[in-house]
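Here is a short briefing on one protein model. Look over the sequence and the structure first, then read the points below.

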Amino acid sequence: MAILNILNYPDPRLHTVAKPVIEVDAKIRQLINDMAETMYDAPGIGLAATQVNAHIQLLIIDTSETKDKLQVFINPKIIASSGEQDYEEGCLSVPGIYENVTRAEKVTVEALNHEGQKFTLKAHGLLSVCIQHEIDHLLGRVFVEYLSPLKRNRIKSKMLKQLRDNEPTKQHHNNI
Ligand code: QAP
Ligand code: CO
């Protein structure tokens, strides 16, 4: 197991469109394990492979209180959706930012599980929001793209400033 590096917005690699998984093999299951460790460590409730710079259609979710109900979605497809709901979303790739997004209230998703078996799931509420948010990552979309240009640009500036502030201190600063 390993904790993976999470790409931070506005990293352009977050806009990569993920490719379908051809075979659910040992390598994929290793990535699932590493992504799960990374998500639980953060902690977060959802993580898409895109966020760890693996551009394949794989995402994991655990919205349980007990953090012991990992759900794996490979090649997920939303086959039905209905209604509308507002939810204050966050993202491990946009740390410290929480904003309201309007999405479908209910979705039906088809995917493969960690054993490569096909399943269909009907979700509502938080799980539904999370599935839509994570599938967006696989399509190269980050939730801040649903906000106004003004809000999005403020978030972008804040993230870039954080990045600069976190750069290792340059030697000459230490020597003054
Ligand atoms: C996506 O997000 C999601 O800013 C998953 O400092 C979020 O796990 C879907 C996190 C909300 C639906 C509703 C965010 C952790 C975790 C942060 C996450 C942070 C630390 C976000
Ligand atoms: Co996210």
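Two strands pair if DSSP finds at least two bridges between them. Helices (H or I, at least four residues) and strands (E, at least two) are DSSP runs, numbered from the N terminus. This is a predicted model, in which local features need pLDDT of at least 70 and side-chain atom pairs count only at pLDDT 80 or more, while totals for chains, interfaces and linings use all residues. Residues are numbered from 1 along each chain as its sequence is written, chains are lettered from A and ligands numbered from 1 in the order in which they are written, and side-chain values use heavy atoms, with hydrogens and water left out.

**The hairpin**
- Strands β6 (residues 106-112) and β7 (residues 118-124) run antiparallel and are joined by seven bridges.
- Val107 has Ala123 in β7 as its bridge partner.
- Five residues lie between the two strands of this hairpin, and Gly116 takes a positive phi near 85°.

**The cobalt site**
- Which residues coordinate the cobalt ion (ligand 2)? They are Cys91 (SG), His133 (NE2) and His137 (NE2), at 2.1 to 2.2 Å.
- Donors are N, O and S atoms within 2.8 Å of the metal (3.2 Å for Na, K and Ca); water is not among the atoms, so sites may look incomplete.
- Along the chain, the donors of the cobalt ion follow the spacing C-x41-H-x3-H.
- Cys91 lies in the loop between β4 (85-89) and β5 (99-103), and His133 lies in helix α2 (residues 125-138), so the pair ties together parts that are 42 residues apart in sequence.
- Both Cys91 and His133 are buried. Buried means under 20% relative accessible area, exposed over 50%, and partly exposed in between (1.4 Å probe, protein chains only).

**Helix α2**
- Helix α2 is mostly covered, with 12 of its 14 residues buried.
- Among the buried residues of α2 are Leu127, Ile131, His133 and His137.
- An α-helix has 3.6 residues a turn, so residues three or four places apart point the same way.
- Gly140 follows α2 and has a positive phi, near 85°.

**Ligand 1**
- A backbone N or O atom of Ile45 lies 2.8 Å from an oxygen atom of ligand 1.
- A polar backbone atom of Gly96 is 2.8 Å from an oxygen atom of ligand 1.
- Tyr98 places a polar side-chain atom 3.0 Å from an oxygen atom of ligand 1.
- Taken alone, ligand 1 exposes 500 Å², and the protein buries 84% of that. Accessible areas come from the Shrake-Rupley method with a 1.4 Å probe; for residues, only the protein chains shown count as cover.

Conventions:
Polar contact = N/O pair within 3.5 Å; in protein donor to acceptor, adjacent residues only side chain to side chain.
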